[in-house]
Amino acid sequence: FFSSRRRHTRYIGDWSSDVCSSDLGDNNMSIKKEKTLKKLKTPSRRKFFKAAAATGAAAAASIAMPNIAFGAPVTLKMQAAWPSGKNIFFEMATDYANKVNTMSGGDLKIEVLPVGAVLKTAEIADGVSKGVVDASHSVTAYWYGKNPAASLFGTGPSYGFSSQELMGWIEYGGGRALYEKTLSTIGLDVVGYFCMPMPAQPFGWFKKNVTKVAEIKGMKYRTVGLATNVLTEMGMVVRQLPGGEIQPAMKTGLIDAAEFNNPTSDRDFGMQDVSKHYHLGSFHQSQEMFEMHFNKKTYNNLSPAHQGIIRFAAEAANTDNYFKALVRYSNDLGKLMNESGVNVYQTSDAILDAQLKAWDKVMADFRKDPLFDEIVKSQQAYAKKVMKYLFMNQPNYRLAYTNTFGDPAKVKI
């Protein structure tokens, strides 16, 4: 290479001199040009290598490095409606934040704050809208007081669908446009996403096994959202309490019975210490999921890539949270039964049927509101079609379970 380079350098000098003398035929001009050429410095080996290395590095960088804007990481403060520590919902909020952090390569970070760190539960929706915090991890029932339509996106009636199909309606059945219309109607300046299709919530904890509607009339009972209206219609005296206050309220007699959400959370709250009678799946809240709000101005100022990460991380958390819930909830149900002596029941058909009839009466009144009625019609149209397919297509999985393990009510886990 070096000998070639030296020959090349000499060749250029010789070529210039030859062209000047032969083509121009002017000896003086040829001499001047030769002097000029002698003044041109040939690069040293060291300088040549430096230049070559710099050029090669730049070329390699342009090929190997993605097109990334190297700026300070964006950090969003997310207020959760859940306490930190041993709380599966706070854990799931953190799972979502971790997915955002990982997917962005650390360029977008979410810091999850426990309830009360900045805002109380009832303040969260307004707090995100006003920019007090950047985001939230909560449920729609917690802003139900602003507009009852909020409950239709998580704690409304079932027309045969579960939380999974309800989320399908939101994303593919016209529900998102109606959700955004509801937010706009009440003046919440937020962008919202959903994740974690929760299994049907237990009817809850009672002082004895209840199977008849007459047995629950007059009971002081804790729930939230539109379920308060439904159970009031059934004759219960409803109290809306935050999750952390449920167990103490039942212990002191402020309430006679209560529900929260699932065996893991209920066990962590210590409900097994105040009751030994646990009634599972109920229509009072049979299809709920997490809702995450992002302040709209903050969200709109994010790059399209960061906006996409926020959305797709919710979809990833949707699956991950659900898989985690199935294992944890069933494990803790076993612990409630085997370690704490809790009696577990399926809510009776008599009570479930009464709940559905109560829903019909409550909905008739709320559907006088045009927006509320529009949402219900959309949900029913979706459920009529989608659930017909599912009910006609799905085999009776309970038969398969019973064939292998026996009656689910009697199986020990």
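User: How many bridges join S3 to strand S10 (residues 290-295), and do the two strands run parallel or antiparallel?
Analyst: In this predicted model, Ser138 of S3 stands opposite Glu291 in S10, and Ser136 stands opposite His293 in S10. The two strands run antiparallel, and the number of bridges that join S3 to S10 is 4.

User: Which strand is joined to S3 by 3 bridges, and in which sense do the two run?
Analyst: One place to look is Ala135, which is the bridge partner of Met78 in this pairing. The strand that holds residues 74-80 is joined to S3 by 3 bridges, and the two run parallel, so far as the bridge pattern is defined by DSSP. The strand asked for is S1.

User: Which residues of strand S3 (residues 135-138) point the other way from Ala135 and His137, and are they buried or exposed?
Analyst: In a regular strand the side chains alternate between the two faces of the sheet. In S3, Ala135 and His137 point one way, and the residues that point the other way are buried, as are Ala135 and His137 themselves. The residues asked for are Ser136 and Ser138.

User: How many of the residues of S10 are buried?
Analyst: Phe290, Met292 and Phe294 point one way from S10, while Glu291, His293 and Asn295 point the other way, and all of them are buried. S10 is therefore mostly covered, since buried means under 20% relative accessible area. The count of buried residues in S10 is 6 of 6.

User: Over how many bridges do S4 and S10 pair?
Analyst: One of the contacts between these strands involves Cys195, whose bridge partner in S10 is Phe290. S4 and S10 pair in the antiparallel sense, and the number of bridges is 6.

User: Which residues form one aromatic cluster?
Analyst: A search of the whole structure finds 18 aromatic pairs. Phe290, which is one of the buried residues of S10, belongs to the cluster. The members of the cluster are Trp82, Phe89, Tyr142, Phe260, Phe269 and Phe290.

User: Where in the chain are Asp126 and Lys146, and how many residues apart are they?
Analyst: The structure holds 22 salt bridges, and in one of them the side chains of Asp126 and Lys146 meet at 2.9 Å, N to O. The pair links distant parts of the chain, with Asp126 in helix H5 (residues 124-130) and Lys146 in the loop between S3 and helix H6 (163-172), and their separation is 20 residues.

User: Is Lys361 buried or exposed, and what is its relative accessible area?
Analyst: Lys361 forms a salt bridge with Glu233, the closest N and O atoms being 3.8 Å apart. This pair links distant parts of the chain, with Lys361 in helix H14 (residues 349-366) and Glu233 in helix H9 (residues 227-233), 128 residues apart. Glu233 is partly exposed, with a relative accessible area of 40%, whereas Lys361 is exposed, with a relative accessible area of 54%.

User: About how much of a helical turn separates Arg311 and Glu315?
Analyst: The side chains of Arg311 and Glu315 meet in a salt bridge of 3.7 Å, N to O. Arg311 is partly exposed at 40% relative accessible area, and Glu315 is partly exposed at 44%. Because the two residues are 4 residues apart in helix H13, the separation is about one helical turn.

User: Which residues make the nonpolar surface patch of about 280 Å²?
Analyst: One member, Val327, has its place in helix H13 (residues 304-338). Val327 counts as partly exposed, because its relative accessibility is 47%. The patch is made by Phe323, Leu326 and Val327.

User: What share of the 413 residues in the protein chain is buried?
Analyst: The protein chain has 16 helices and 11 strands, and it exposes about 21600 Å², of which carbon and sulfur atoms supply 56%. The buried share of the 413 residues is 45%.

Conventions. Residues are numbered from 1 along each chain as its sequence is written. This is a predicted model: local features need pLDDT of at least 70, side-chain atom pairs count only at pLDDT 80 or more; totals for chains, interfaces and linings use all residues. Side-chain values use heavy atoms; hydrogens and water are left out. Rings of Phe, Tyr and Trp (its six-membered ring) pair if their centres lie within 6.5 Å; planes under 30 degrees apart count as stacked, over 60 as edge-to-face and the rest as tilted. Patches are made of residues with over 30% relative accessible area and no salt bridge: like charges are joined within 9 Å, nonpolar side chains (Val, Leu, Ile, Met, Phe, Trp, Tyr) within 5 Å. Accessible areas come from the Shrake-Rupley method with a 1.4 Å probe; for residues, only the protein chains shown count as cover. A salt bridge is a side-chain nitrogen of Lys or Arg within 4 Å of a carboxyl oxygen of Asp or Glu. Buried means under 20% relative accessible area, exposed over 50%, partly exposed in between (1.4 Å probe, protein chains only).
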